[in-house]
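I opened my notebook to look at charged side chains and their partners. Here is what I looked up, entry by entry.

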Amino acid sequence: MSLIGHDTPLTLHPPITQRHVEGEVAHCVGGVISPILSNIYLHRLDSFVETVLIPEYTRGVLRAANPQYLQTRSAIVEARKRGDRPLARALRTQLRSLPSKDLHDPGYRRLRYTRYADDVLLGFAGPKTEAEAIKARLATFLRDDLKLQLSQTKTLVTHARTSAARFLGYEITVQHTDTRITQGRRATNGRIGLRVPLDVIKNKCAPYLKGGQPARQPHLHNHDDHTIITTFGAKYRGIIGYYLLAGDVWRLNRLRWVMETSMLKTLAGKHDSTVTKMARKYKATIDTPHGPRICFQHSIDRGQGRKPLVARFGGIPLKRQRNAVLTDREAQPAPPRRKELITRLLANRCEICASTDQVQVHQVRKLADLDTAGHPPPTWANIMANRRRKTLVVCGACHDNIHTGQPTATLTQ
C-alpha cells in the first residue's frame, strides 16, 4: 500500500498480500480464483477507506498561496519599475525555485485510494504524522474487521518526491524540477510520474544471459524459425506493452538488445550459422506512428488470397504513450497439440534430399547409437544428432542407402 503526494508522499508497501488473503479464504481453492476472492473479501476495506478515511482526510479547495512567493513576485515588479533589470532577472531565477503554494497549509488535505486485487495504493498530501495515523487506522481495521495482519516490515511511509512507491510493477513518484518550463510556467512539479524499476529490467534480461552476455536458448533449437521468432516476439511485446506508460520506457532498450541477440544466436545455433547471417536474413523495416522502425520477421505464405502469417520481433518505438491501453486478447481454447513426428510426416518431404517419393521414418534406439554410424558420420547421422531426434523422415531411396551403408544425397535447404 502506498501514500504519495506533493507535501508528504508516503509509501505503505502492501499491508495485504495475496498469500495473506489466500491463507484466510482461498488457500484450498487455488491461485486462479484468489484475485476474485480478494475483491470480495477486501470490499469492506474499500468501503472503510471511501466512507471514513477519505472524508476525514480531505478538506480545502485550493492550497493557500506561499507568502514568500508573493513577496518575490512583488519585488520583481518593483525592480522592473525602477529599471533594475539585473535584479529582476535574479529575482526571477529565485522565484522559479519557490513553490507558488503553501505546501504546509493546515487547511488543505487530500487522500486518494485505489486497489487492484490485493495491491493497494493510497496518495496523501499532508504531514507525516497524519500519514502514520492513517497507517495505524488501517492496521486496526484489518486486524479487527478482516482478521488480516498488517506487515510492519513491508508497510513503509516514504516521501514520494525523494523516493518511489512500487505498485503493479511500476515505480510511482512525484516529479519535481524547476528548470522545465512549459508555456512560461513549471508544469511538471507535483505531477505523478511512472518509472520502470531497474530490478525489473535486470530480472527480465536474466533468462537470456549467460556469463553476463546474451546466450542462445537450446530448448528452442527443435522448433522452426517462425516459432522461435514468435516466441521471442510475444514475450518482448508483452513486456514493452505493459510499460509504455512509463516516462523512462526507453530504458527497456537494454532488454531489446539482450532478447534480440539471444534470438539471433538461437537461430544461428539451429542452422549452424552466424548471428550476422541470421540478422541479414530476417531484418525488415516497418512503418509505425513514430516513423519507420527496424525489426526481425518471418513470413509464411498461405496462398489462396489469404494474408501471410507473420512472426515479428521488435519494431516497437520505446516512447512513452500517455494513452496506452493494455488489451488482453480474448482467451481461446487451445487446439490439441499435434505430435511433432506427425507434423513432419504430413509435410511429405525427405529431410535429407527433399524428395516427396515414398516418405518413411528411419529410427534408432538411442542417440548414442549414432556414434557407431561411422567416422566421419554420414549426413543422416549428423542431421539426427544436431536435432537431437531419434527419428528421421526420409524417402525410400535414402532409407535404403542408410541401411546398406551407401552415401545419401546432400540435405536440400
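**Entry one: D225.** I found D225 in helix α8, residues 225-242 (helices are DSSP runs of H or I with at least four residues, strands runs of E with at least two, numbered from the N terminus). I am working with a predicted model, where local features need pLDDT of at least 70 and side-chain atom pairs 80 or more, while totals for chains, interfaces and linings use all residues. Residues are numbered from 1 along each chain as its sequence is written, and side-chain values use heavy atoms, leaving out hydrogens and water.

What does D225 lack, although buried? D225 has no salt bridge, and K281, the nearest side chain of opposite charge, is 4.3 Å away. I noted the cut-offs: buried is under 20% relative accessible area, exposed over 50%, partly exposed in between (1.4 Å probe, protein chains only); a salt bridge puts a side-chain nitrogen of Lys or Arg within 4 Å of a carboxyl oxygen of Asp or Glu.

**Entry two: salt bridges.** I counted eleven by this rule. One of them joins the side chains of E56 and R137 at 3.2 Å, N to O. E56 sits in helix α3 and R137 in helix α6, so this pair ties together parts 81 residues apart in sequence.

I saw E351 bridge to R344 at 2.9 Å and to R387 at 3.2 Å. R387 is in helix α12, 36 residues from E351. E351 is buried at 8%, whereas R387 is partly exposed at 33%. Together, R344, E351 and R387 form a network of salt bridges.

Conventions: Lys, Arg positive; Asp, Glu negative; His and termini not counted.
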